[in-house]
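This report describes selected local features of one protein chain. The sequence and model come first, followed by notes grouped by topic.

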Amino acid sequence: MDLQHLQLQNFRNYHQLDLHFSKHTNVFIGSNAQGKTNLLEAIYVLALVRSHRTSNNQELIRWGTDFAKLQATVQKAASRLSLELVLSAAGKKAALNHIEKKRLSEYVGQLNVILFAPEDLNLIKGGPALRRRFIDMELGQIDHGYLQNSSRYRQVLKQRNTYLKKLKRKQAHDRVYLEVISDQLAGYGAEVIAARNNFLGNIQKYLSPIHQEITAKQEQIRLEYQSGITQNNVSVEEIYQQLLNQLQANQEHDLWVGSTSVGPQRDDFRFLVNGNDLQKYGSQGQQRTAVLSLKLAEIDLFGNLVGDPPILLLDDVLSELDQIRQTQLLKTLENRIQTFITTTSLENVDLQTIKNPQIFKIRAGGIA
């Protein structure tokens with residue numbers, strides 16, 4: 001899979017932009033606040049119809065304009081696709097091969113991307129919300145069913161929390177309706193938990209050998225999904241029943257606080273190296289190595305599940321990695337995957353491991 005052509009209109013600080021890319025390595029170079037990261041963000045938004053930097057779509061639209069339009073041509077193994085996404089105050093409209101999709105979930109997954117940004121280095125040190133967001137974004141690209149179930153779960157969760165508050169304030173009295181909502185929530189939640197656990201199990205197969213190679217077989221890594229639900233070797237129906245039982249057991253507590261205290265919105269996963277929790281006991285080098293290994297494992301997983309390797313976006317992270325990890329990353333990517341790199345200086349990039357990169361000099365929302 002490679003992104004051949006990108007057009008932007010009124011996206012962030014870009015008024016108009018029209019670029020053609022190398023199918024190997026593309027480097028965006030420029031000073032800070034010129035628009036390098038905005039270009040990577042545009043590719044990310046085209047792929048997932050949401051930004052990794054903000055949840056406010058209005059921030060993506062150029063100041064003083066009413067809409068932003070993103071278009072791209074993508075070459076896949078067996079087809080060539082035209083993608084289009086329009087952002088406005090009315091919402092988002094996505095089109096595939098010039099045909100508008102009624103549901104965004106029908107569009108997501110046509111362009112697969114793996115993003116490695118500086119904040120990803122906090123994936124281990126940061127809070128559970130960061131790790132939940134990571135797994136939701138990555139899994140959503142390769143499993144449309146997960147996208148739909150997680151979206152429905154969030155909708156029903158919002159309904160339940162709203163109704164819990166009404167019951168607490170004596171604005172509602174029907175406990176049967178609460179039981180109906182709880183049953184629906186358990187159904188969608190079970191699908192979400194099972195898919196997340198399966199995803200982590202799949203990525204583990206690629207993560208272990210990559211991490212062993214980088215650490216010279218000195219360390220063994222394992223991902224562990226943390227939930228109040230027992231997921232190992234149990235069916236979705238069994239997870240549903242466990243979750244429903246927990247919702248019922250916690251109902252009085254939820255009524256008191258006015259929100260739902262159990263479910264996948266509270267779950268987490270952790271990194272274990274040689275059996276030790278990396279967040280608590282890992283060095284900064286070990287944590288960075290684990291995240292680097294995870295990103296490399298994602299590339300292999302996506303390539304095998306989708307049939308095409310994804311596009312890799314490296315947002316100013318090479319300077320955050322030492323020379324050994326930087327070289328390992330670039331050698332692993334060489335001639336395997338289309339890569340987009342942002343940097344303020346080529347001194348941060350080991351050009352000896354990149355053959356014939358295409359370089360774009362970014363200045364004030366344009367190509368200098």
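D268 counts as buried, at 13% relative accessibility; buried means under 20% relative accessible area, exposed over 50%, and partly exposed in between, with a 1.4 Å probe and protein chains only. The model is predicted: local features need pLDDT of at least 70 and side-chain atom pairs count only at pLDDT 80 or more, while totals for chains, interfaces and linings use all residues. Residues are numbered from 1 along each chain as its sequence is written, and side-chain values use heavy atoms, with hydrogens and water left out.

D268 pairs with R131 in a salt bridge whose closest N and O atoms are 2.7 Å apart; the term requires a side-chain nitrogen of Lys or Arg within 4 Å of a carboxyl oxygen of Asp or Glu. D268 belongs to strand β10 (residues 268-273) and R131 to helix α2, so the bridge ties together parts that are 137 residues apart in sequence. Helices (H or I, at least four residues) and strands (E, at least two) are DSSP runs, numbered from the N terminus. R131 is buried as well, at 4% relative accessibility.

## Other charged pairs

The structure holds 12 salt bridges. One of them joins the side chains of K295 and D120, at 3.6 Å from N to O. K295 sits in helix α8 (residues 284-306) and D120 in the loop between β8 (113-116) and α2 (128-142), so this pair ties together parts that are 175 residues apart in sequence. K295 is buried, with a relative accessible area of 2%, and D120 is buried with 12%.

A further bridge connects D254 and R160, with 3.0 Å between the closest N and O atoms. This pair links distant parts of the chain, since D254 is in helix α6 (residues 251-257) and R160 in helix α3 (residues 144-168), 94 residues apart. Both D254 and R160 are buried. Salt bridges with shared partners also join R222, E224, R270 and D277 into one network. In general, side chains of opposite charge can pair when their charged atoms come close.

## D277 in the network

D277, a member of that network, is found in strand β11 (residues 276-277). At 11% relative accessibility, D277 counts as buried. Its side chain also reaches the backbone nitrogen of Q279 at 3.0 Å, a polar contact (a pair of N or O atoms within 3.5 Å; within protein, one must be able to donate a hydrogen and the other to accept it, and residues adjacent in sequence count only if both atoms are side-chain atoms).

## Helix α4

Helix α4 (residues 175-214) has 40 residues and reaches 55 Å between its first and last C-alpha, close to the 58 Å expected at 1.5 Å a residue; the expected span is 1.5 Å times one less than the number of residues. A kink of about 35 degrees is centred on Q204, the bend at a residue being the angle between axes fitted to the seven residues ending there and the seven starting there.

V176, Y177 and V180 form a nonpolar surface patch with about 260 Å² of accessible area together. Patch members have over 30% relative accessible area and no salt bridge; like charges are joined within 9 Å and nonpolar side chains (Val, Leu, Ile, Met, Phe, Trp, Tyr) within 5 Å. The areas come from the Shrake-Rupley method with a 1.4 Å probe, and for residues only the protein chains shown count as cover. V180 lies in α4 and is partly exposed, with a relative accessible area of 40%.

## Helix α1

The end C-alpha atoms of helix α1 (residues 36-48) are 19 Å apart, which agrees with the 18 Å that its 13 residues should span at 1.5 Å a residue. Of these 13 residues, 12 are buried, so α1 is largely enclosed by the rest of the structure. The buried residues include K36, N38 and E41.

## Positive phi values

Just after α1, V49 takes a positive phi of about 55 degrees. K170, in the loop between α3 and α4, has a positive phi near 65 degrees and is exposed, with a relative accessible area of 63%.
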